[in-house]
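Colleague: I am new to this structure and would like a close look at a single part, taken slowly. Please begin with one residue and let the account widen from there.

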Amino acid sequence: MATVEWGADGTPRSPRFDDIYRPAGHGLGQARHVFLGGCGLPHAWAAAPAWTILETGFGLGLNFLAAWRAWLDDTKRPRMLHFVSVEAWPVSAEDLLRSAADHDGLPPLARQLAAQWFGLLAGVHRFSFEHGRVLLTLAVGDVHDVLGRLAPFHADAVFLDGFEPQRNPAMWDAKVMKALARHARRGARVATWTVAGDVRRALAEAGFQVEKRDGLPPKRHCLHGTYDPPWQPKGSIKPVPVRPGRCAVIGGGLSGAAVAAALAQRGWSVAVHDAAAQPAAGASALPAGLMAPHQSPDDNLLSRLTRAGIRHTLQEAARLLGEGEDWARCGALELRIDDSRAPPHSDEAAAIWSRPAPAALKSEALLDASANAWWHEAAAWIRPAALVRAWLGEPGIEWRGGVGVQAIRRQDDVWWLDDTGPFDCVVVAAAHASAALLSGRLALHPVRGQVSWSDAEAPGLPPFPLNGNGHFLPRVPIGGKLAWLTGSTYGRGENDCSERQADHAANLQRLRVLAPRIAESLAPRFERGEVRAWAGVRCTSTDRRPLVGRIEEGLWVSTAMGSRGLTFASLCAQLLAARLHGEPLPLERKLADALDLARNPHPNPLPQAGEGASAATRPRGAL
């Protein structure tokens, strides 16, 4: 976390670079005059379906807040505003709030930003505002490294900010300008407050045509211009011509509802089809689930993906659900059975995700002080069905329950579900039933799970969930009472949802390992048959990662969330929507590629009108 020193006159200074973030009282004025005005905003985005701004140097966030404020105040604003910013040293949430405090119209926006401003480890972080229509993608890391790790997208405007070129020359060198050019569409505007000769030459070499304009005092001049190289850039990104239309989503659980909401935010008319009469009838009917980050000594791909997914779902839960009723960010204590006693990161940003559990928390969990445990502050319990219903209640979404889809076919460049259509796009999110709908082109596996629970009063339980060998939720409101839940079993290849006494016994045994004292107090209830069961079937892929991406033109899939549907459904939905629209991705390229079906092509199309089913292709294997 960057240190900000505030002068007596309100000037914020960076001791790391021995330079000021902005002159006192000039932050919003500079953002509007130099950056918004220099890029012709808000006039330039009038009537555009979406607008993307790429920035170097997020700093105290005033450029983002000013752009967001301008978007709110403009009746001709684009439906979607994307703001992608690079920052090596994020400031604290308190400094963001202090910086915005004296600028009219910004404090309410800064408070929303500060509420999501946590756990900013190196990598890409996505923040969502205005019902998902204003998206901030913050890339934390060195600008040279981070720009190369972003997946391709087209920026409509480029803001060059940062400390003085003399103080931080690496931020302004030719390599950075060329990297920015690779993300700029031809005609994109560029603006910056510096007119340094080296910066102007680096911009010109990268294809930007720039000129001086009057600056904002105490600066005499600033720069603005256009990306218009006299050459054809090699490997230039072609804009994706997709426009919102009619989309059919197959599946009314977490995956399908999340996709429907993500596309409706972008203007699609979405019809969600499910064989069940009501939403969340499958695995998403779980009474309540625990969402906690995966922790690994080497901070592996799964660990990074779970942090990204949790951030997305927490934002959606806060936006849509009643805290304390349908969800709560309560934290969770994880008991470790291996010898790994410390998270791979030890800095302040990592602590909110995972840190060694203090003795006081172990005591509250009825564990010995010597127990090897971690504390995950950002963990939460959520009632999946409540989140599904909230997503499906978004404007532009139609629920079609009791409609079992038998076949998907393409005819005359549009899609049909049996005899229902036409649709411009179809997204299959039907858990393990997705494989049959896609003619066996995906390898999906059912996994049965049974949870044991009770709403009978149980005193002495800890105030937060436990996880490790299974999980234990101590106080979840269900049907007007506080219930506890524990489990779950993991029956590979099984799809029978009937109650099994053997699974109750297995859940109790897991609880004995996870929390012996809690298991001892609850064991008589298991023995007397006073514990209820919930069983459902999850869906997993061969490599146990979610499957999200394009099967063929207009046909997409988002499935195989396994036991992490709460963690991954929203992230995968936003990834799908971003790829469909050519937007900045919510993940760095390496993580996005790990989930992308395009890396595992399926050459055989689905049947056209009048054709039989296509032959199954090789299923996706390990990446």
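Modeller: Let us begin with Cys539, which has a relative accessibility of 4% and therefore counts as buried, the limit for that word being under 20%. Please keep in mind that this is a predicted model. The cysteine sulfur closest to that of Cys539 belongs to Cys572, and because the two sulfur atoms are 12 Å apart, they are too far from each other for a bond; a disulfide would need them within 2.5 Å. In general terms, a disulfide is a covalent bond that links the sulfur atoms of two cysteines. When the whole structure is searched for such pairs, the number found is zero. Cys497, too, is in no disulfide, and the nearest cysteine sulfur to it, which is that of Cys539, lies 13 Å away.

From the cysteines we can turn to a sheet elsewhere in the chain. Its three strands are arranged in the order E21-E22-E23, forming an open sheet with antiparallel pairing. Strand E21, which covers 408-411, and E23 are the edge strands, each of them pairing on one side only. On average, and with direction ignored, neighbouring strands of this sheet are turned by 25° against each other. Between E21 and E22 there are four bridges, and Ile408 stands opposite Leu417 of E22. E22 and E23 make up a hairpin that has two residues between its strands, and Asp418, in the turn, has a positive phi of about 55°.

The crossing in which H2 passes H4 is right-handed. On the H2 side, the contact is made by Phe64, Leu65, Trp68, Arg69 and Leu72, while H4 contributes Leu109, Ala110, Gln112 and Leu113.

Technical notes
Residues numbered from 1 in each chain as written. Predicted model: local features only at pLDDT ≥ 70, side-chain atom pairs only at ≥ 80, totals over all residues. Heavy atoms only, no water. Pairing = 2+ DSSP bridges. Axes fitted to C-alpha atoms, helices over the stretch in contact; angles between N-to-C directions. Buried < 20%, exposed > 50% of the residue type's maximum accessible area, 1.4 Å probe, protein only. Left-handed = near helix turned anticlockwise from the far one by under 90°. Contact = heavy atoms within 4.5 Å.
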